[in-house]
Amino acid sequence: MGRVRRRWPGVLLATTALAAAPLAHAQTQGAPLRIHVRGSAQIDAVAWTEPGGFVVRGSVVDDARSAIAEAPLSIEAISSGGAPVDLPPAEGCAADGAARAREHRASQGGYVIATDDRGAFCLRGRAPLADATLRVRFAGGKLHEPAEAKIPIEAHAAPLAPVILRFDPPVDAVDLDRPTLNVTVALRIERSGALAVGAPFERERLAVALEDERGAKLAEAPTGGDGRARFELATESLGGAGQGVLRARFEGTDVLAKASVSQGIVRYAQVTLALSRPVEPARAEDGVPIEVDVRSSRGPVEGGVVEALRAGEPVGAAAVTSGKARVIAAFTAEREGTEPISLRYVPAAPWWIPGAELAIDVPVTGPGVWRQVALAAAVLAIAGWVLGGWRRAPKRAAERASEEKPAAPPGRAGVRIMGPIDDATGWRGVVSDAHDGAPIAQAELTIVVPAFDGSGVVARAVTDDGGEFSIEAPHRSDAKLVVRASTHSSYEQALPPPSKLGIALVTRRRAVLDRLVRWARRQGAPFEGPPEPTPGHVRRAASRAQQHEVELWATRVEHAAFGPDPVDERVEQDLGASEPKPGVSQLAPP
């Protein structure tokens, strides 16, 4: 697929969804949190009549198109009106000398059957069914979600030869920036079924259709002499960036059974940045507004963040909405002129691929003559104040707040001392997101000191809706400041002297993703994929090297970083505790 190498297994689509099992509310104290990540399951099946009975056959696969062996299935029949239909006795089909089904027994008017080692199943009823639909259900298990399929029974006067479709090679990633996508579908007629029907069949000139997840027909092509139908799809005919499904269908003939196969895909698009308008000169310390257009080959991009960097350090960030972002870049400039700034896109979903950084020159203004005079006067006033030995009266909280200016998000967790405060026995400030600068409400700050039974809390405070806090306690050199929030990673450090603080926290989603990136870079090849290792890349590399512990861990990180479920402190700690040890990944890649 060219440069597109990333893949995110379906988290939001039913056909390619990952889900975490519900967490028990009551956990044994001290017991580690266990999370079961389950992949989706899919049933591909067809059914048809034959003299004296009917046949249903198909397979059960996961979201990576791997067979689910020993999968227990229940099969019921319903009429066109939805009423239950009694099923006749049935037996497993024989294929290549082996039974297709592990088990087949009547169960309250239906059947219970299990897939074989290849994830396939086949059942032959001993009496015909007219005007009926079979409902095939997979109850799921520890590793897979439940699945269900409704299979109409096609009426045929003669036996049909079974047909199997597959994508060859599998298509799991689509680069929307390329004009076309080549897809090949292989059609195979099962040998034993063809012999049972009594005649060989040609695989040439059989029509195969391609559909998307909406059921819209994308293209149709005949098979060649090798039984392969080849398609050249215009990527414009596919949906926008995100997850989807490609489905191949063969409608059958008078002697060949219908067949279908589905493949979960991820459609990728590269994101480019451009200035919406020229940057107007402004004071760097006050923040320079930068209007940015965020687009892909499919139009405006929704979601993600645009970050501004100066000399590699973040100086501003803004969320992307409807292809627009307004970044306020705040920094200290030594002189009037221009300052080089780089803008980069940070995606919120893996199907957006960041393009090259946008390098711009930002015009900044100096303080001006009158401002320099004012600054000099302020210096003289402060010097006179100190020499005179008098102190100003404390300012009111409203006046102090009006003088505070927002600082650029630092891009990492930490505590910055913003300046002194009049009350030398306490601390006040703001807790905000390290990347977008948004205030964090209901964050808890505690000051702890060593105690006989561990650590003792001497003061506690909670931020308001604006992320502001005020906390009072005597300052001790052995005290620590601990900051916690529901959606952000906890942070702690030695307690600074009483002062005005700016505290930045990193979201747990970013934290678990950063952990995987650091892990992959420590391991090197094959896990450190360019330009930056992703959970999907690590998972695929681990799968090829048969390193199942790494594969499972990368899948769980992917679900936590990009999935719909919230990431709480217990999930983050469990992912950290289950990080593969260095020895796990030292096997040579295949």
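## Antiparallel sheet S26-S25-S28-S30

An open sheet is built from 4 strands in the order S26-S25-S28-S30, and the pairing is antiparallel. From one strand to the next, the twist averages 30°. The structure described here is a predicted model.

Within this sheet, strand S25 (residues 305–310) and strand S28 (residues 337–346) run antiparallel and are joined by 5 bridges. Glu-307 has Arg-344 of S28 as its bridge partner.

Strand S32 (residues 426–433) pairs with S35 in the antiparallel sense, over 5 bridges. The bridge partner of Gly-429 in S35 is Phe-469.

Val-462 lies in strand S34 (residues 454–462). The relative accessible area of Val-462 is 44%, and the residue is therefore partly exposed, given that this class lies between the limits of under 20% for buried and over 50% for exposed.

When neighbours within four places in sequence are left aside, Val-462 is in contact with Gln-442, Ala-443 and Glu-468. Gln-442 is 20 residues from Val-462 along the chain, yet their C-alpha atoms are separated by 5.5 Å.

## Packing of H4 against H6

Helix H4 (residues 508–523) and helix H6 (residues 548–562) have axes that come within 8 Å and cross at roughly 150°. H4 is therefore roughly antiparallel to H6, as angles over 145 degrees are counted in that class. The crossing in which H4 passes H6 is left-handed.

On the H4 side, the contact is made by Arg-509, Val-512, Leu-513, Arg-515, Leu-516 and Trp-519. H6 contributes Val-550, Trp-553, Ala-554, Val-557, Ala-560, Ala-561 and Phe-562. By class, the residues of the contact of H4 with H6 comprise 11 nonpolar, no polar and 2 charged.

## Packing of H4 against H7

The axes of H4 and helix H7 (residues 569–577) come within 10 Å and cross at roughly 5°. H4 is therefore roughly parallel to H7.

Arg-508, Ala-511, Val-512 and Arg-515 of H4 make this contact with Glu-569, Glu-572, Leu-575 and Gly-576 of H7. The residues of the contact of H4 with H7 divide into 3 nonpolar, 1 polar and 4 charged. Val-512 and Arg-515 of H4 take part in the contact with H7 and also in the contact with H6.

## Helix H5 and its burial

Helix H5 (residues 535–544) is mostly covered, with 8 of its 10 residues buried. These buried residues are Pro-535, Gly-536, His-537, Val-538, Arg-539, Arg-540, Ala-541 and Ala-542. They pack against H4 and H6.

Just after H5, Gln-546 adopts a positive phi of about 55°.

Technical notes. Residues are numbered from 1 along each chain as its sequence is written. This is a predicted model: local features need pLDDT of at least 70, side-chain atom pairs count only at pLDDT 80 or more; totals for chains, interfaces and linings use all residues. Side-chain values use heavy atoms; hydrogens and water are left out. Axes are lines fitted to C-alpha atoms, for helices over the stretch in contact, and angles run from 0 to 180 degrees between N-to-C directions. Helices (H or I, at least four residues) and strands (E, at least two) are DSSP runs, numbered from the N terminus. Angles under 35 degrees count as roughly parallel, over 145 as roughly antiparallel, 65 to 115 as roughly perpendicular and the rest as oblique. A crossing is left-handed if the near helix is turned anticlockwise from the far one by less than a right angle, and right-handed if clockwise. Contact means heavy atoms within 4.5 Å. Ala, Val, Leu, Ile, Met, Phe, Trp, Tyr, Cys and Pro count as nonpolar, Asp, Glu, Lys and Arg as charged, and the others, Gly among them, as polar. Two strands pair if DSSP finds at least two bridges between them. Buried means under 20% relative accessible area, exposed over 50%, partly exposed in between (1.4 Å probe, protein chains only).
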